[in-house]
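Subject: Structure for your files

Hello,

Here is the structure I said I would pass on. My notes on it follow below.

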Amino acid sequence: MAARLRAVAGLKLWPNAPLGPFTTMGVGGPAALLAAAATPEAVAAALACLSDAGSPWAFLGAGSNMLVGDKGFAGIVLKLSDELQYVQVVDEDAAAPAAAGAAAATAPADSPQGGDTVILEVGAATPLPKLSALVADWG
């Protein structure tokens, strides 16, 4: 399984990776293999490999609703990497692209005004509070 996952572009692998740093509680043993996907294509390819193999696996989000035992997880853990944290304005006439990590006070000077219709592309790993703060600052 690891060999198939290694062949996936945009997927980084770490064997025996501790899961504690990826949880809110900060505790937990290692995963047999941690896979971090940097692109939507890498996520799709990794999921295809995992579903074909029948090996135990889990998906790790922000870690706020996950508690990992000290013995860890004897399977593969898939998570989204930071490259999938972004907010981009699709309608370029409405506003300039803004990074999801930007504080609400530092929204672009030409950000949309209240009442503007704006279409955003938001990366799957973008924290909802950061997106909400950015949009709220726009009005």
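Ala 17 is found in strand β1; strands here are DSSP runs of E with at least two residues, helices are DSSP runs of H or I with at least four, and both are numbered from the N terminus. The model is predicted, so local features need pLDDT of at least 70 and side-chain atom pairs count only at pLDDT 80 or more, while totals for chains, interfaces and linings use all residues. Residues are numbered from 1 along each chain as its sequence is written, and side-chain values use heavy atoms, with hydrogens and water left out.

At 7% relative accessibility, Ala 17 counts as buried. Buried means under 20% relative accessible area, exposed means over 50%, and partly exposed is in between, with a 1.4 Å probe and protein chains only. Leaving aside neighbours within four places in sequence, Ala 17 is in contact with Gly 29, Pro 30, Ala 31 and Leu 34, where contact means heavy atoms within 4.5 Å. Ala 17 and Leu 34 are 17 residues apart in sequence, and their C-alpha atoms are 6.0 Å apart in space.

Asn 16 also has its place in strand β1. Is Asn 16 buried or exposed? Asn 16 counts as exposed, at 57% relative accessibility. Asn 16 is not a glycine, yet it has a positive phi of about 50°. Most residues other than glycine have a negative phi.

Strand pairing

Strand β1 (residues 11-18) pairs with β2 in the antiparallel sense over seven bridges; two strands pair if DSSP finds at least two bridges between them. In this pairing, Leu 11 stands opposite Ala 37 in β2. Strand β2 is also joined by six bridges to strand β4 (residues 73-80), and these two run parallel. Here Leu 33 stands opposite Ile 76 in β4. Six of the eight residues of β2 (residues 30-37) are buried, so this strand is largely enclosed by the rest of the structure.

Nonpolar cores

A nonpolar core is a set of buried Ala, Val, Leu, Ile, Met, Phe, Trp, Tyr and Cys residues joined through side-chain atoms within 4.5 Å. Which residues of the largest core touch the most other members? Of its 17 residues, they are Leu 5, Leu 11, Leu 13, Ala 37 and Leu 78. The elements that give two or more residues to this core are β1, β2, α2 (40-53) and β4. Helix α2 supplies the largest share, five residues. Apart from this core lies another, of seven residues, among them Ala 17, Ala 31, Leu 60 and Val 68.

Not counting residues up to four places away in sequence, Ala 37 touches Gly 10, Leu 11, Ala 42, Val 43, Leu 78, Lys 79, Leu 80, Ser 81 and Leu 84.

Ser 81

Ser 81 is found in the loop between β4 and β5 (87-89). This residue is buried, with a relative accessible area of 12%. With residues up to four places away in sequence again left out, Ser 81 touches Ala 36, Ala 37, Ala 38 and Ala 125. The side chain of Ser 81 makes a polar contact with the side chain of Glu 83, at 2.6 Å. A polar contact is a pair of N or O atoms within 3.5 Å; within protein, one must be able to donate a hydrogen and the other to accept it, and residues adjacent in sequence count only if both atoms are side-chain atoms. A polar atom of the Ser 81 side chain also lies 3.5 Å from the backbone nitrogen of Ala 38.

Helix α3

In helix α3 (residues 128-138), the buried residues are Leu 131, Leu 134 and Trp 138. Seen down the helix axis, they fall within an arc of 65°, so they line one face of α3; the arc is that of the directions from the helix axis to the C-beta atoms. Their cover includes β5 and β6 (120-122). The face of α3 turned away from the buried side carries the exposed residues Leu 128, Pro 129 and Ala 136. Just after α3, Gly 139 takes a positive phi of about 95°.

Whole chain

The protein chain has three helices and six strands, in the pattern α-β-β-α-β-β-β-β-α along the sequence. Of its 139 residues, 35% count as buried.

Regards
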